[in-house]
Amino acid sequence: METFINSKAFFKLLLLPCLLLYSSIAYNSSSVGATMHTNNWAVLVCTSRFWFNYRHMANTLSLYRTVKRLGIPDERIILMLADDMACNTRNKYPAQVFNNENHRLNLYGDNVEVDYRGSEVTVENFLRVLTGRHETAAPRSKHLLSDEGSHILLYMTGHGGDEFLKFQDSEELQSHDLADVVKQMKEKHRFKELLIMVDTCQAATLFNQLQSPGVLAIGSSMKGENSYSHHLDSDVGVSVVDRFTYYTLAFFERLNIYDNASLSSLFSFYNPSMLMSTAYYRRDLYQRHLEEVPVTNFFGSVMETIHTDAAYKPLSRKNSGRLETQMSLDQTLLHVERRTFINVNDRDEMQDINVEGKQAASKCPWSTFYSKLQKIENVDSLVNYGLVAMLPFLVVSTWLLQ
């Protein structure tokens, strides 16, 4: 009886450190799994063709201009236009596209880079862009090179209905197609968060099948509702912008790259009486509170902060020009020597820190083991190895209990 009690106590003592090790590994794996937000991408899609759908191209180009103004570069924007309204023979203003009857802003300027044009805008190419399964001949500029730290804005406009969106009046993107491609993107770690914005009739029904976490969706209309144009341009002869996109642009025109307006303020900006429809957003798959998420997390750039020793003092163009002309070669060499001296000092300080760290680690074996544990990238495999290593201890403890 005494032997049985001793073996049972020994088993408990043996099991305790194993559980502590497992809980420590699980905690580290959860912290490693939290990926940082590192970059933003935008996929802007106009699915309509023909002259009377002029407004859909204007919608897309307007969003294109907005995200570029807020800091997303062209190399991180995929622009798909199903038709070229700027060169249409019925266009009274060749090579120009407007979203307002005052014609103050030409959306089709010198800096528009269209990645997919005309017949290239198909459901197949759209799915290839999102999943990254391109043909071998597809250039790099047509690839969505996002990763697990990316926030992606997916904007689509055109004609739609109950759980579908038409592409060039010849094929359709179904709601389950969208859900499947988003699921694949999530499994392949192609985004951290995804915002889907759709301006079409019954846009909300396109989100019915979505199930992937980290996805936020907003549509211009509910089921059974139409999405209306805003106003007609008598010179162009057709409507030039839709209501939902028009008021989206009105919201962003008040902002710059440094503003911290939240997604909640954007969503509350849509007035059903102005839209003549009910804007719907689905947020059950999205973990964060909309009040805490700046709109620039999707519509702008990821700001990179550079720390400096001294405060930055802006100079006027005249003064800066004079300083540049007066700066001599000796001053340049002195500046280079100073930077080299600073780099050498920084390197020496880093070496001193590393030596101190090694000495401290040699005094404490547990700190050495813990530091090595933190360097391991694949924590899941470590957990599996730990569970396998525990099997002999379980076998021995079971034998002792018998």
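A charge sits over a ring if NZ of Lys or CZ of Arg is within 6 Å of the ring centre and within 35 degrees of the ring normal. Here, Lys142 lies over the face of Tyr116, 5.0 Å from the ring centre. This is a predicted model, where local features need pLDDT of at least 70, side-chain atom pairs count only at pLDDT 80 or more, and totals for chains, interfaces and linings use all residues. Residues are numbered from 1 along each chain as its sequence is written, and side-chain values use heavy atoms, with hydrogens and water left out.

**Aromatic pairs**
- The structure holds 10 aromatic pairs (rings of Phe, Tyr and Trp, the last by its six-membered ring, with centres within 6.5 Å; planes under 30 degrees apart are stacked, over 60 edge-to-face, the rest tilted).
- Phe50 and Phe52 are stacked because their ring centres lie 5.8 Å apart with the planes at 20°.
- Tyr246 and Tyr247 pair edge-to-face, at 5.2 Å centre to centre and 90° between the planes.
- Ring pairs also join Phe251, Phe252, Phe269 and Phe299 into a cluster.

**Accessibility of the paired residues**
- Phe52 is exposed at 51% relative accessibility (exposed means over 50%, buried under 20%, partly exposed in between, with a 1.4 Å probe and protein chains only).
- Tyr246 is partly exposed at 25%, while Tyr247 is buried at 13%.

**Around Lys92**
- Lys92 sits in the loop between strand 2 (77-81) and strand 3 (116-117); strands are DSSP runs of E, at least two residues, numbered from the N terminus.
- Lys92 is exposed, with 53% relative accessibility.
- Its C-alpha atom is 6.3 Å from that of Val236, 144 residues apart along the chain.

Methods:
Helix = DSSP H or I, 4+ residues; strand = E, 2+ residues; numbered from the N terminus.
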